[in-house]
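The following note concerns secondary-structure packing in the structure shown below. Its points are numbered for reference.

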There are 2 protein chains.
Amino acid sequence: MTRYQHLANLLAERIEQGLYRHGEKLPSVRALSHEHGVSISTVQQAYQKLEDLQLITPQPRSGYFVAPRKAQPPVPAMSRPVQRPVEVTQWEQVLTLLGGRGDKSMAAFGGGSPDVSQSSLKPLWREMSRIVQHHPGDILNYDELAGRRDLREQIARLMLDGGTVATADDIIITQGCHAALSIALFSVCKPGDIVAVESPCYYGTMQLLRGFNIKAIEIPTDSQTGISIEALELALEQWPIKGVILVPNCNNPLGFIMPDDRKRAILALAQRHDLAIFEDDIYGELANEYPRPRTIKSWDIDGRVLLCSSFTKTIAPGLRVGWIVPGRYRDRVLHMKYATSGTTVPTTQMAVASFIREGHYHRHVRRMRQIYQQNMETYTCWVRQYFPCGICVTRPQGGFLLWVELPELVDMVCVGQQLARLKIQIAPGSLFSASGKYRNCLRLNCGLPPTEQHQRVVAQLGEAIRVAIEWNNAR
Amino acid sequence: MTRYQHLANLLAERIEQGLYRHGEKLPSVRALSHEHGVSISTVQQAYQKLEDLQLITPQPRSGYFVAPRKAQPPVPAMSRPVQRPVEVTQWEQVLTLLGGRGDKSMAAFGGGSPDVSQSSLKPLWREMSRIVQHHPGDILNYDELAGRRDLREQIARLMLDGGTVATADDIIITQGCHAALSIALFSVCKPGDIVAVESPCYYGTMQLLRGFNIKAIEIPTDSQTGISIEALELALEQWPIKGVILVPNCNNPLGFIMPDDRKRAILALAQRHDLAIFEDDIYGELANEYPRPRTIKSWDIDGRVLLCSSFTKTIAPGLRVGWIVPGRYRDRVLHMKYATSGTTVPTTQMAVASFIREGHYHRHVRRMRQIYQQNMETYTCWVRQYFPCGICVTRPQGGFLLWVELPELVDMVCVGQQLARLKIQIAPGSLFSASGKYRNCLRLNCGLPPTEQHQRVVAQLGEAIRVAIEWNNAR
């Protein structure tokens, strides 16, 4: 973090805590410079940042004052999905969203791409280039079926931070987290089975269920504590549910981290009902808190949790390096890896292993955690500023995704189609429901750097929503 | 091709055609040097090569003589598999075979790895290194779901050689041919369905069926003309078969190229019975004949052929770049690609596209075709020399795989276990049958350069088989 960011954060905290109150004059630039031993321009930058965030307002020739405190928008309430197994729909919408990837002029707020523009990633392609030149034999030949051992050893070490104890032999490399989930699901379920999911639930996971003809039962989920264990228990009594897919850490799309006692409670429930848990930990390393939150897998004593993850969000999507810790399902998972795809690309596996080994990974992730946290604060401010009243916004505990709930009548699928013409891509909430609920919601990717251009996009977005509301009211 | 190889081929042809007869003296080194305008040492090298192939024998102070003509071993007869749908077994054996990949001290005659040691591959990793350094944005981000357009355009051009007319939009990139087949099968079939396969059939395809709980009905297959259309027709009358998996060009493991009229006949049969054809063309570019043979897809007018291929055998396995031309199943195939794995690695796709665009691909494949053809001749000679009598050997029309049929009693699964201790890995024939038939057969990878060391391995192999036969006779 740079000095001015550090100072801005400190001041923001003091305002938040009420140490500087609404309307109060802030210390002069000179005084702060003296107090913190930083340059005048550093203080000016920090004040500019706070002004951007609308926490302070400048008054000509008088200095800076604490801005009137706008109430934070409330968080979304517990979701209330359909309470029976349904077939997943919405593929056409997902396809439209994916179709936007090729178009570089599009402001891609709909996808889940991380920021890959930071200099802390440079060692990655330096390493990759070195590997390509010096290890042609390794990069050209078939890899081991379970994936490269050196990488698996590095992953085993990383996972200790989340409390997951696994050896290299317990890990199977896959082509990203999506492939990991796909292989995991396919190793446990068969077509026609029922699987429980959080609601809202990441559209990629939904489409995976659709592809395999597995039915989804969507369970009410709280935007701060996660899936309702009580509702899941009720569903288990009614339906022959095979497993449950969870994103307990830095949930996609809601951003919560399930409290530890709830993680343990859901594991106990799974044990009682002999359920498999598919734990998607792809955003787990990007939690605001440090050390990172524990995985459900970390308490798993009978191997029923299949932990799936990847370096897509923490390093880069183009690597396509993910993994499964399959517990008791190892043999079946290895066979399904062979059946669905065979071995994975050695080049990117080697580059990642080396990126971790040389210490670049931890440095990069530490940096990205802070950047994403600041991004989300900025985007939340913008949403508050440009969106109409009466909205709910999540307060993510990690990752880089915001979930916004708009008034009931707004149809984000329609608004999204209009926005696409303006080269703005968003993910309407309906993608995150098996049956197309949450049309009045949207997910916003705060991985995109909060530039002025992106600020304008959020303003356009707010305007489009405002128009939609007015149009609805006029009918 | 070097000069001496050219000359050796020419002389071998003349011997084959009977222009030089058994026992006849060959022209002197000096005469040949004069006749062909090449150096003395070139002629000596050519003669050495022919001697290695046992086509000629030197007689001290008299020169070279045409060797007594050994009868070529006969080719295997039409296979006779079980005539009903069965569940695929043999996974444990496949796992053992795959397990050997990590061990570099193993002579890997069991797998299907191509030779990646040739200098004509060098531009590939030069390109890859350049791409990594100059296009970090492209290699780090998500790719298009269908795969990179520049690569698809190159593939569309390549496929014209096999008569396949497709645009970039008709092609979907996958993580290798295995993933292509997996997605293709999964897009058309569901668990419990029956699919017809050639017999013997590549074990990877078999295990794919097993993974998806699809039953295989093995159809008698001739080692020179391919699947018996009559037997397939009979099976179609008895069973609700959904599709047929074929490797019509440079078949794995038998090496045949289906004659064009038989390709058309099987397509007509598929049309009459509304079957899908899964055409695996992975070895098609490595046919001995030039121009390369046509695909069944090239006659496909109603989009029922799903052509699957990759650069695994023509360039390198580590790239994991394959593709499908899915015909009428495009939407479903795209969805299944998304469901099973999402996007593929951009780096290797870009490297391949550039390798083709710059003309390196055609140069490399031309070279490899010749190398593999020579390798197979040499290995066939060695098999003839070191293996006991009473064997049948295929005469592959391309690719780099030999299939050897031994006397009925020999159990190559047992022999293989003994050989593994000597660090020799072979693929016992039982892998190529759903129900473990062909235990008296083996597949030999002639992609491995025919070095002296490998000659010794073939000798050891022959010896192990001889011992097994003697042991059986003694019982």
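1. In which sense do β4(B) and strand β11 (residues 322-325) of chain B pair, and over how many bridges? In this predicted model, the pairing is antiparallel, over 3 bridges; two strands pair if DSSP finds at least two bridges between them. B:I172 has B:I324 of β11(B) as its bridge partner.

2. These strands belong to an open, mixed sheet of 8 strands in chain B, ordered β4-β11-β10-β9-β8-β5-β6-β7. β4 (172-174) and β7 (226-227) of chain B are the edge strands, each pairing on one side only. Helices (H or I, at least four residues) and strands (E, at least two) are DSSP runs numbered from the N terminus.

3. Across β4, β10 (305-310) and β11 of chain B lies helix α12 (residues 330-340), running at about 30° to β4(B). Axes are lines fitted to C-alpha atoms, for helices over the stretch in contact (heavy atoms within 4.5 Å), and angles run from 0 to 180 degrees between N-to-C directions.

4. The axes of helices α5 (residues 122-134) and α13 (residues 346-357) of chain B come within 9 Å and cross at roughly 125°.

5. Residues are numbered from 1 along each chain as its sequence is written, and chains are lettered from A in the order in which they are written. Local features need pLDDT of at least 70, side-chain atom pairs count only at pLDDT 80 or more, totals for chains, interfaces and linings use all residues, and side-chain values use heavy atoms, leaving out hydrogens and water.
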